Amino acid sequence: MLWTKQRALFTRLAIHRFSALSIAEKFTITPEIKDALKRNGPVVALESTIISHGMPYPQNVETARSVEAIVREQGAIPATIAILNGKVHIGLNDDQLDYFGKNGPAAIKASRRDLPVILAQGKSGATTVASTMILARAAGIPVFVTGGIGGVHRGASESFDISADLTELGRTPVAVVCAGVKSILDIPKTLEVLETQGVTVATVGTTRQFPAFYTPNSGFDVGADMSPYHIETAQDAAKIILANHELQMNSGIVFAVPIPKESAADTKSIQEAIDTAITEARTENIKGKEETPFLLKRIAELTKGESLSANIALVKNNAKIGGQIAVQLSQLKQQT
């Protein structure tokens with residue numbers, strides 16, 4: 001009964017957001033996803049910036065298709081989210097995935113602040129973690145899989161460069177399954193900001209150590225990079241999501257999934273490449289939304305593709321865990 005009431009509330013909130021965004025004109029949801037949402041079936045949101053800005057073509061499109069296939073193998077339905085010609089698409093077909101893969105950085109990297117402009121001007125945009133959370137919530141999708149979330153950039157004490165992802169996690173009740181924050185960021189400070197935002201953070205596995213994207217752990221002193229909690233199963237994660245909704249927390253959840261050890265990059269070589277890439281970015285005055293794509297590309301070059309291979313592996317692993325969580329959450333909803 002409690003979930004029925006919460007589901008009605010969640011639906012009303014979604015309808016309100018749809019109305020505010022003129023859903024009939026601004027949103028396109030595939031029939032498969034629409035049907036699944038109506039029956040509380042398992043759906044997993046996926047971002048599009050990872051396709052346009054996170055990897056080179058054709059690996060980006062190949063990875064996107066593989067990730068969608070992995071989600072389906074778990075029994076869930078993938079919903080890649082993007083904006084095409086001023087219309088939000090919840091679910092992309094092969095041609096649309098290929099469009100974002102080939103056009104790459106030409107697509108606007110769309111965070112929360114960019115959505116109104118892109119929609120109003122009829123432009124196309126690839127969604128970040130923050131904007132994907134907003135649009136997933138509007139569509140009624142509670143589980144979102146990505147590679148890594150944004151965070152506090154190194155040197156933020158001077159630049160104040162902190163990702164909008166962290167603020168979004170504090171005000172949008174979507175569970176984000178990721179491999180932690182990107183290694184180019186300041187992990188301990190990111191965890192501090194997440195705590196300030198009231199975001200539930202749990203590492204999925206047998207340890208509380210917060211993963212560092214390319215590697216299972218960051219290498220910081222013990223205690224500096226620990227998640228507040230750890231869980232071992234997808235069902236545990238689903239129960240936390242359900243409780244979050246029942247309490248009307250209106251904040252997100254981070255489920256940090258360490259990259260499998262056999263797929264992880266070498267910690268020393270990755271750290272050396274990150275330090276070099278950051279120095280080059282500072283020298284060339286690359287800042288803001290251009291910094292992360294530059295760093296990821298440069299790190300891939302410096303590691304001779306090792307970081308890219310790790311990136312692809314971790315996204316696929318996240319998709320597997322995220323799909324399982326979505327299925328477990330759907331089953332819990334059916335039982336309540």
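A crossing of two helices is left-handed if the near helix is turned anticlockwise from the far one by less than a right angle, and right-handed if clockwise. The model shown in every view is predicted.

**View 1. Helix H5 packs against helix H15.** H5 spans residues 59-73 and H15 spans residues 306-335; the two axes lie 8 Å apart, at an angle of about 20°. Angles under 35 degrees count as roughly parallel, so H5 is roughly parallel to H15. The crossing of H5 past H15 is right-handed. On the H5 side the contact is made by Gln59, Thr63, Ser66, Val67, Ile70 and Val71. H15 contributes Leu308, Ile312, Val315, Lys316, Ala319 and Lys320. By class, the residues of this contact are seven nonpolar, three polar and two charged.

**View 2. Helix H12 meets helix H15.** H12 covers residues 234-246, and its axis comes within 8 Å of that of H15, with a crossing at roughly 55°. H12 and H15 are therefore oblique to each other. Their crossing is right-handed. The H12 residues in the contact are Ala234, Gln235, Ala237, Ala238, Lys239, Ile241 and Leu242. Those of H15 are Gln324, Ile325, Gln328, Leu329 and Leu332. Eight residues of the H12 and H15 contact are nonpolar, three are polar and one is charged.

**View 3. Helix H13 packs against helix H14.** The axes of H13 (residues 267-283) and H14 are 9 Å apart and the packing angle is about 135°. This pair is therefore oblique. H13 and H14 cross in a right-handed sense. H13 brings Ile270, Ala273, Ile274, Thr276, Ala277, Ile278, Glu280, Ala281 and Arg282 to the contact. From H14 come Glu291, Phe294, Leu295, Arg298, Ile299 and Leu302. The contact of H13 with H14 has 10 nonpolar, one polar and four charged residues.

**View 4. The largest pocket holds about 700 Å³ of space.** The pocket is lined by 37 residues, and the closest of these to its centre are Lys109, Thr128, Ser163, Asp165 and Lys289. Helices H4 (49-52), H10 (164-169) and H14 (291-302) are the elements that give two or more residues to the lining. H10 supplies the largest share, four residues. The pocket lining consists of 10 nonpolar, 16 polar and 11 charged residues.

**View 5. The largest cavity has a volume of about 140 Å³.** Rolling a probe the size of a water molecule over the atoms shows where empty space is left. The structure holds three cavities of 30 Å³ or more. Of the 14 residues that line the largest one, Glu47, Ile50, Ala64, Val67 and Val315 are the closest to its centre. Val67 of H5 and Val315 of H15 also take part in the helix contact of View 1. At least two lining residues come from each of H4 and H5. The largest share, five residues, belongs to H5. The cavity lining divides into eight nonpolar, four polar and two charged residues.

**View 6. Tyr57 and Pro58 are joined by a cis peptide bond.** Most residues other than glycine have a negative phi, and most peptide bonds are trans. For the bond between Tyr57 and Pro58, omega is about 10°. Pro58 sits in the loop between H4 and H5.

**View 7. Asn85 has a positive phi.** Asn85 is a residue other than glycine, and its phi is near 50°. The residue lies in the loop between strand E3 (77-84) and strand E4 (87-90).

Technical notes
Residues are numbered from 1 along each chain as its sequence is written. This is a predicted model: local features need pLDDT of at least 70, side-chain atom pairs count only at pLDDT 80 or more; totals for chains, interfaces and linings use all residues. Side-chain values use heavy atoms; hydrogens and water are left out. Axes are lines fitted to C-alpha atoms, for helices over the stretch in contact, and angles run from 0 to 180 degrees between N-to-C directions. Angles under 35 degrees count as roughly parallel, over 145 as roughly antiparallel, 65 to 115 as roughly perpendicular and the rest as oblique. Contact means heavy atoms within 4.5 Å. Ala, Val, Leu, Ile, Met, Phe, Trp, Tyr, Cys and Pro count as nonpolar, Asp, Glu, Lys and Arg as charged, and the others, Gly among them, as polar. On a 1 Å grid over the protein atoms alone, a cavity is a set of points where a 1.4 Å probe fits but cannot get out, and a pocket is an open set with protein on both sides within 12 Å along at least five of seven lines; lining residues have an atom within 4 Å of a point. Grid points are joined across faces, edges and corners, and a volume is the space filled by probe spheres set on the points.
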